[in-house]
Amino acid sequence: MLAAGLSVIFGLMDVLNLAHGSFYMLGAYVGLTVLGVSGNFWLALIAAPVALGVIGALIEVVFFRRIYREGHLMQVLLTFGFTLVFVDLIRWRFGPQTHSLPTPPGLEGAVHILGVSFASYKLFVILFASVVALGLLLAWRRSRVGAILRAGVADREMLGLLGIDLKRVFTGTFAFGAALAGLAGVVVGPYLGVYPGMDESILVLVLVVVVVGGLGSIEGAILGSLLIGLANAIGPLVLGGFEAASIFAVMAIVLLVRPQGLLGRRQ
Amino acid sequence: MAKSSDAFLGLGLDDALTRRQVLQAGLAGAATIGLAACGQAEPTGGGATGPDFKVGAVLPSSKVYAELGTSITNGMKLYFDKVGNKAGGRKIVLLLEDEEATPDVALAKTRKLVEQDNVDMIAGYVASPDAVGARDYLDQNAMPTLIANAGANVLSRAKKSPYIYRASFSNWQPSHPMGAYVAENITKKVTLLYANYAAGSEAAGAFKETFTGTILAEVKPPLNNQDYSTYISQIRASKPEAIYFFLSGTDANNFFTQAKQVDLFANIKVTGAGFGVEQDVTQAIGDKSPVGAITGLHWAYTLDNKENKDFTTAYKSRYGRLADVFAMQGYDTARVIAEALNAVKGKTDDKPAFLKAIAAVKFKSPRGDFRFDSATNNVVNPIYIRELVKDPSLGYVNKVKTTIASVADPGQ
C-alpha cells in the first residue's frame, strides 16, 4: 500500500517524496487518537486515511506546487525537512514512548492450519492488503481516474493538452498516496506498535520495493512488495545473520537485469 | 567566512591568513557564542560560591533509543533538583546533547561539549557503540566521564580508562547469574533469542558461562527488527522448554506482541535479561506482556527499600509515569556526580583527587548498595531475579524472587 502510493506519486508527478514514511507514522497516530477517543478500531481505520488525504492535499497545494520545476534536489530537501518536522511534532505531542494499538476484537487469537499457527490479525492484514491491492489494480486498469493517472505517467504534457486539469490531478494523486500511507500506518499498529521513528524504519524498505517493482506502476509495487516480503522472511533462514543483505541482494539483481524495475517503464 | 573572522579578530592582514588560522578564528567565535548561550540558559541561584560545574550529557532524544534517553535525563534532573542543583558549593548546570544512536554523532557531540562548552564532566551514552566510539577521545583528553547506560563489557575490560566510570551495568552482570538459576530452577532445555549486536551476544555469552543444560538453538534477529514471524518459527522448531532472551525497546515490544498473537508461550517459559520487560515495554504493550517471565536485572520497580520508594514516588508525581531501570540509572549517575563534588568540596581543578572521589562514592541507591569496583571502574550492585506479575494498582511490574548480593564484572 505504501509502495503503491509512493510509486504513483513519483511516477506521475516526478516528485521524490521522502515524507511518505511520515504520512505512515501520522496515520498510525491519527488511528491511535481516534481509538483512544472512540475505542473503535474500524473507525480509526477509516479516519486515518481521510485525515492523511486532507493533510496530503494541503501539503501539495501549499508547498509542492511551488517546486515541481526545481528538480529532485529541492524536493528531497523539502520532504526530508518535513520528516524532521513531523517526527518532532509527534514527539512533542505524544512523547518518545511506544504506544500499542489494541488488536481489534475477534482477531486476538491464533488460527491453526495444518498444525501451523497463524496470528488471526496477521491473516486479516494479509486479506485486507490483498483486497486493497485488488481494488487498486482494478481502479488503475479499468476506471477513468486510473486511465487519467496512467496517461499522466506516460506523458504529462499531452494529458494537459487534452484539457484535463493537471493541478487537480496532482493534488488528488498526492492526497491519495498520503491516504494509502495513513491506512497502512493504522493497519500495522496492532502488530508493530506506534512510535516516533517508525517512519524511518519503513521508508528504506518502501524505497527498495518501489525500485524493485518499477516506478509509476501499481502492479510493480504489488509485485515488488511480495518479492521483498518473501526475501525478508526466507533470508534469515537461508542466510542466518544476513537478513538485510537478502533484501538488497534482490534489489541489486533486479537493477542489474532490469534497471527500470520489474514492471517499470523505460525512460 | 574569512572576512568576518578578520573583523572578529580585528586583524588587518589581507592575504597572510592560513586556512588553519581562519578555522581557529571561526572556532573561537563559535565557542564564544556557545558560552554566551549557556550563560543565558543558567538559572540564577543563591548560595553557590565557585564557578558553575558543567555536566555535558550525551543522551539520545531521537531515533531508536529516544525513550531510554528521556528516562535517563528525567532521572538525572530529578536528583539534581532534589539537591537544589548544588553540590560542594558549586552550582550544577546540565548541558544536553542528542546522542541519536550513531557513534560518529555521539563523538561529535562529545567534542562539542568538551571543546566549545568547556564542560567539567561528561555523562551519558545509551548505546554501547557510541560509548566505545567516544572512549579514546575522552581518555586522551582526560575527561572525567560517567556512563549512564551503555553496557559493553569491553569498557570494564580491555578498554577500561582511568577517567571513565560506569554507573549502570556491564552486559555480563544481569545475565551471568541467570544461567545457573534457569538450569537449577526452571529447565535444562533452552533456546537463546537475542538481538544480534554486542549487547545481545555479550548477554548470551554470560548466560552460557553458568548454564549447565543444553542450548537447543540460538535465534539472532538483527537490532531494530520489525517482523518476528520467521524467528518465532525458528524458536518453535527447536522445541525448547524455555527461551532466554535479550531484547529491549521497540524490539521487545514487537517480539512479545507478535509472540502473544500466535500463543508462543503456551508451553514455553520466558526467561531473559530484564531490560525487555521493564516499564517502558510493559506500559507500551499492556496485556501482551509476558506475565510470569523470569528475568535478571540490577533493579525492580517493586524493590522494598526507602530510597526506591522515595525515587519511584517522586518520579511518578513529576512525570506522571512509572519509573524504569533507565530512569533509576540517571538518578544514580546524578547522585555520583553530586557526592563526588561534595567530597572534594567543589575543588575539581585537582583532577586525580576528583577522580579518586568518584571512585570512592558509595551510597544506598534505589537498587541497593552502590559502589565502584576499583579493578574495573564499573558499578558493583545486587542482581535481582524477578518475576513479571500483574499488580492490581501498578499494572505489569516485576517482583523480586531472589537477590544475589554484590555482582561485579570479572574484568576480563
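How many salt bridges are there between chain B and chain A? The count is one, a salt bridge being a side-chain nitrogen of Lys or Arg within 4 Å of a carboxyl oxygen of Asp or Glu. Welcome to a predicted model, in which local features need pLDDT of at least 70, side-chain atom pairs count only at pLDDT 80 or more, and totals for chains, interfaces and linings use all residues. Residues are numbered from 1 along each chain as its sequence is written, chains are lettered from A and ligands numbered from 1 in the order in which they are written, and side-chain values use heavy atoms, leaving out hydrogens and water.

**Where the chains meet**

- Asp227(B) pairs with Lys122(A) in a salt bridge, with 3.3 Å between the closest N and O atoms.
- On chain B, 27 residues are in contact with 28 residues of chain A (contact means heavy atoms within 4.5 Å).
- By class, the side of chain B that touches chain A has 14 polar, seven charged and six nonpolar residues; Ala, Val, Leu, Ile, Met, Phe, Trp, Tyr, Cys and Pro count as nonpolar, Asp, Glu, Lys and Arg as charged, and the others, Gly among them, as polar.

**A look at Thr271(B)**

- Thr271(B) counts as buried because its relative accessibility is 0% (buried means under 20% relative accessible area, with a 1.4 Å probe and protein chains only).
- The side chain of Thr271(B) reaches the backbone oxygen of Ile243(B) at 2.7 Å.
- Leaving aside neighbours within four places in sequence, Thr271(B) is in contact with residues including Met178(B), Tyr244(B) and Ile294(B).

Methods:
Buried means under 20% relative accessible area, exposed over 50%, partly exposed in between (1.4 Å probe, protein chains only). A polar contact is a pair of N or O atoms within 3.5 Å; within protein, one must be able to donate a hydrogen and the other to accept it, and residues adjacent in sequence count only if both atoms are side-chain atoms.
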